[in-house]
Amino acid sequence: MKDILIGNGDLGENVVLRLDQSNRHGLIAGATGTGKTITLQILAEQFSKAGTSVFMADVKGDLSGLAEAGKDHPEVQRRLKAAGVEDFSFSKNECFFWDMFGKSGLPIRCRLDRFGPLLLSRLFDLNDIQSDIVHIAFRIAKDKKWPLIKLEDLRALLGWISDNSDKLRNDYGNIAKNSIGAIQRDLVAYADVVGDNLFGEPTLDVNELIATDKLSPIHILDATKLMQNKSLYSSVLLWILDELYNTLPESGDSDKPKLVFFFDEAHILFRDAPKALMEKIELVVRLIRSKGVGIFFVTQNPADIPQVIQSQLGNRIIHGLRGFTQKDQKMLKNISESLPVDGKFDVAKSLGELSVGESVVSVLNEKGSPSDARKVLNMPPFSKIGPIDTSDIRKENESHSTFNKYTKTVDSEGAKSLIQKANKKREEDEHEEEDEERSSRSRPKKRTSRRQTASEAMWKSFLRRFGSAIATLCISFIRSFLKGKR
Ligand SMILES: Nc1ncnc2c1ncn2[C@@H]1O[C@H](COP(=O)(O)OP(=O)(O)OP(=O)(O)O)[C@@H](O)[C@H]1O
Ligand SMILES: [Mg+2]
């Protein structure tokens with residue numbers, strides 16, 4: 001199994017990211033224009049070649065080059081020469097393009113109830129009270145067996161809760177109608193921008209992102225439009241991570257990850273994240289590695305990643321960082337103190353002086369301990385640097401047997417329709433009751449029934465028969481008496 005060649009170190013040795021340590025997560029950091037995206041590219045294509053699938057969000061639209069072979073350039077030759085690589089040939093990768101809006105790739109959708117109340121609260125930046133209401137709404141939907149598939153289902157449910165809040169108080173506590181109103185307004189504003197994209201069926205089956213013996217592609221999510229709504233961007237990526245965490249079986253330590261997930265612009269994920277969400281992220285990051293998934297956070301400033309998460313990122317590739325302000329200096333000092341060094345190497349100084357496409361690297365060794373940090377001249381990618389026209393590839397994607405089912409939406413019955421039916425039934429029942437009452441009031445009072453009961457009828461028939469028998473006896477007696485007299 002070939003490990004991932006990052007580049008050539010300043011002591012002349014090649015620095016590799018071990019495949020069997022790649023599920024111990026990583027950090028790719030660096031100021032703008034220092035080489036983060038190309039690092040992401042060289043890691044992604046080598047993972048894919050090694051049989052590990054990759055999922056990444058393309059924030060600036062410059063990752064599509066992964067689907068086309070690169071071209072020769074003196075800069076490429078300089079890097080290959082430094083790393084002593086002779087058998088290098090440019091190549092393209094098998095890429096699948098996804099787009100939540102369904103324009104530049106296969107649409108990513110999920111049922112609302114799979115997305116869950118926590119991420120939904122994050123998506124709409126709800127306050128604690130509103131978030132509690134959304135949690136209650138999901139509980140009511142579950143209790144009532146009303147599927148929440150699209151946003152319209154949640155809107156209908158919130159309307160129903162508002163109408164029935166008095167009756168629901170005993171079981172679910174106080175539900176403030178004005179907070180429901182505020183959430184409804186958020187849902188309408190969101191739907192105006194995002195429409196019915198994202199929430200619906202078929203839900204993306206994350207098992208299909210995982211590498212198989214035949215296929216270990218690079219999945220690229222077009223995030224250029226998604227990034228315009230930062231909460232949407234981070235919520236969608238977190239949902240995919242959460243699905244992976246909830247769906248995949250434990251796989252223990254293996255020789256390579258099943259999937260590596262690159263989280264670009266990772267600082268967005270943590271900005272103003274409420275406590276519950278932070279705990280969730282921490283849990284997923286800690287436990288997902290035993291399910292064979294490695295996460296690499298990509299960001300301009302490593303200080304944006306909370307310490308509790310940073311401590312779980314074993315593999316670090318840090319590009320040039322600027323030390324202009326005191327805050328920058330402090331950040332440089334912190335990051336250099338977090339990397340192990342052999343004594344002579346001044347990490348902070350080096351990070352401030354790195355050229356484009358150079359990095360300071362510390363990776364986990366076979367024992368899982370971080371190697372001493374080294375300055376590295378990074379490898380060039382096999383594929384093209386920069387964007388390409390992907391229309392043909394996208395057509396190919398859509399016809400792929402595994403993924404073509406995502407091109408069409410499925411319409412199953414959700415909470416909205418069931419609530420409408422329940423409301424209609426209730427109205428009909430109420431009308432029936434009213435009609436019954438009205439007609440019972442207008443009907444003339446019935447005389448007491450003259451109908452005989454069963455026992456009455458029995459007695460009467462008995463008496464009738466008994467009577468006629470006695471009468472017959474009397475008549476025959478009188479006749480014989482009269483006969484005697486004559
Ligand atoms: N390893 C490399 N091999 C060859 N060229 C590289 C390499 N790394 C960086 N470059 C060159 O530097 C340019 C900028 O790199 P890149 O786009 O990766 O920066 P970035 O850190 O992602 O910037 P931004 O923060 O603006 O997204 C690339 O377009 C490429 O020309
Ligand atoms: Mg970039």
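Predicted model: local features only at pLDDT ≥ 70, side-chain atom pairs only at ≥ 80, totals over all residues.

Trainee: Which residues of helix 4 meet helix 5?

Mentor: A137, I140 and A141 in helix 4 meet L154, L157, L158 and I161 in helix 5. This contact has seven nonpolar residues, with no polar and no charged ones. The axes of helix 4 (residues 128–144) and helix 5 (residues 151–163) come within 10 Å and cross at roughly 95 degrees; helix 4 and helix 5 are therefore roughly perpendicular to each other.

Trainee: Let us turn to the sheet. What is the order of its 11 strands?

Mentor: As a general idea, strands of a sheet pair through backbone hydrogen bonds, either parallel or antiparallel. Here the sheet is open, its pairing is mixed, and the order is 2-1-11-10-9-3-8-7-4-6-5.

Trainee: Which strands stand at the edges?

Mentor: Strand 2 (14–17) and strand 5 (95–98) do; each has a single partner strand, so one side of each is left without a neighbour in the sheet. From one strand to the next, the twist averages 25 degrees.

Trainee: How many bridges join strand 3 to strand 9?

Mentor: Strand 3 (residues 26–29) and strand 9 (residues 315–318) run parallel and are joined by four bridges. Within this pair, A29 stands opposite I318 of strand 9.

Trainee: Across which strands does helix 2 lie?

Mentor: Helix 2 lies across strand 1 (4–9), strand 2 and strand 11 (374–378), and runs at about 85 degrees to strand 1.

Trainee: Finally, which residues come nearest to ligand 1?

Mentor: Of the 16 residues around ligand 1, the nearest are G35, K36, T37, I38 and G357. Helix 1 (36–49) and helix 2 (74–83) are the elements that give two or more residues to this shell. The largest share, three residues, comes from helix 1. By class, the shell around ligand 1 holds four nonpolar, eight polar and four charged residues.

Note on methods
Residues numbered from 1 in each chain as written. Chains lettered and ligands numbered in written order. Axes fitted to C-alpha atoms, helices over the stretch in contact; angles between N-to-C directions. Parallel < 35°, antiparallel > 145°, perpendicular 65-115°, else oblique. Contact = placed C-beta atoms within 7 Å. Nonpolar A, V, L, I, M, F, W, Y, C, P; charged D, E, K, R; others polar. Near = placed C-beta within 6 Å. Pairing = 2+ DSSP bridges.
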